[in-house]
Amino acid sequence: MKIAIIGHSGSGKSTLARKLSEKYDLPVLHFDAVQFRPNWEIRPQPSKEIMTKVFLDLHTDWVIDGNYSKLSYERRMEEADVIVVMLFNRLNCLWRVTKRYVTYKNKTRPDMGPGCKEKLDWEFVKWILRDGRSKTAKDRYSWVISRYGDKVIVIKNQRQLNAVQDRIDQMMTASK
């Protein structure tokens, strides 16, 4: 089973990916860990592309979380058996990120690269509330939903997130 998880920052993509990876014993790739070297230094694009390609080529099953449209985006969407699109509203995402910050303050989350201690600054708040919700991003989500509709699960709230596990359980059972 291949599961791609995309959506707004702070919606819970990495947490869902980690839970699905653990439950179904699937290899997981967190794109934030690919993007950042220690101390939030951005990894060079060629290195990120190689890391992504190697992961995709090595694994017949996987969970991948993150948007990163320049990292084998169409290949991921095409190969995925399930695409989860997490479209929580901006205030909910800000609340989730604030809770995450309190939980991991001065620590590195399990889904981040080493040495990237949790931070919450104005730039990231602006990304969550405005910049990360650009027309381009919204158009990309709409494109995925329309192109791959039969394998897309859209999640807009916690109730739907709770229910997605049951749906994926059914898909996992059916694929065996």
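## Exercises on salt bridges, helices and cores

Asp131 counts as partly exposed, at 30% relative accessibility; buried means under 20% relative accessible area, exposed over 50% and partly exposed in between, with a 1.4 Å probe and protein chains only. The model is predicted, so local features need pLDDT of at least 70 and side-chain atom pairs count only at pLDDT 80 or more, while totals for chains, interfaces and linings use all residues. Residues are numbered from 1 along each chain as its sequence is written, and side-chain values use heavy atoms, leaving out hydrogens and water.

**Exercise 1.** Identify the residue whose side chain meets that of Asp131 in a salt bridge, and classify the exposure of Arg130.

*Solution.* 
- Step 1: A salt bridge requires a side-chain nitrogen of Lys or Arg within 4 Å of a carboxyl oxygen of Asp or Glu.
- Step 2: Asp131 pairs with Arg130 at 2.8 Å, N to O.
- Step 3: Arg130 has a relative accessible area of 52% and is therefore exposed.
- Step 4: Elsewhere, salt bridges with shared partners join Arg18, Asp32, Arg100, Arg109, Asp111 and Glu118 into one network. The structure holds 13 salt bridges.

**Exercise 2.** Describe the salt bridges that Asp57 makes with Lys53 and with Arg75.

*Solution.* 
- Step 1: The side chains of Asp57 and Lys53 meet at 2.5 Å, N to O.
- Step 2: These two residues lie four residues apart in helix α3, so about one helical turn separates them. Helices (H or I, at least four residues) and strands (E, at least two) are DSSP runs, numbered from the N terminus.
- Step 3: Asp57 also meets Arg75, at 2.8 Å, N to O. This pair links distant parts of the chain, with Asp57 in helix α3 and Arg75 in helix α4, 18 residues apart.
- Step 4: Asp57 is partly exposed at 45%, Lys53 is partly exposed at 46%, and Arg75 is partly exposed at 27%.

**Exercise 3.** Determine on which side of α1 the buried residues lie.

*Solution.* 
- Step 1: The buried residues of α1 are Lys13, Ser14, Leu16, Ala17, Leu20, Ser21 and Tyr24.
- Step 2: Because they cover an arc of only 160° around the axis, they sit on the same side of α1; the arc is that of the directions from the helix axis to the C-beta atoms.
- Step 3: The face turned away from this buried side carries the exposed residues Lys19 and Glu22.

**Exercise 4.** Name the residues of the largest nonpolar core that touch the most other members.

*Solution.* 
- Step 1: A nonpolar core is a set of buried Ala, Val, Leu, Ile, Met, Phe, Trp, Tyr and Cys residues joined through side-chain atoms within 4.5 Å.
- Step 2: Among the 22 residues of the largest core, Ile3, Ile5, Val84 and Ile168 touch the most other members.
- Step 3: Elements giving two or more residues to this core include β1 (2-7), α1 (13-24) and α8 (158-175).
- Step 4: A second, separate core of 21 residues includes Ile6, Leu71, Ile83 and Tyr141.
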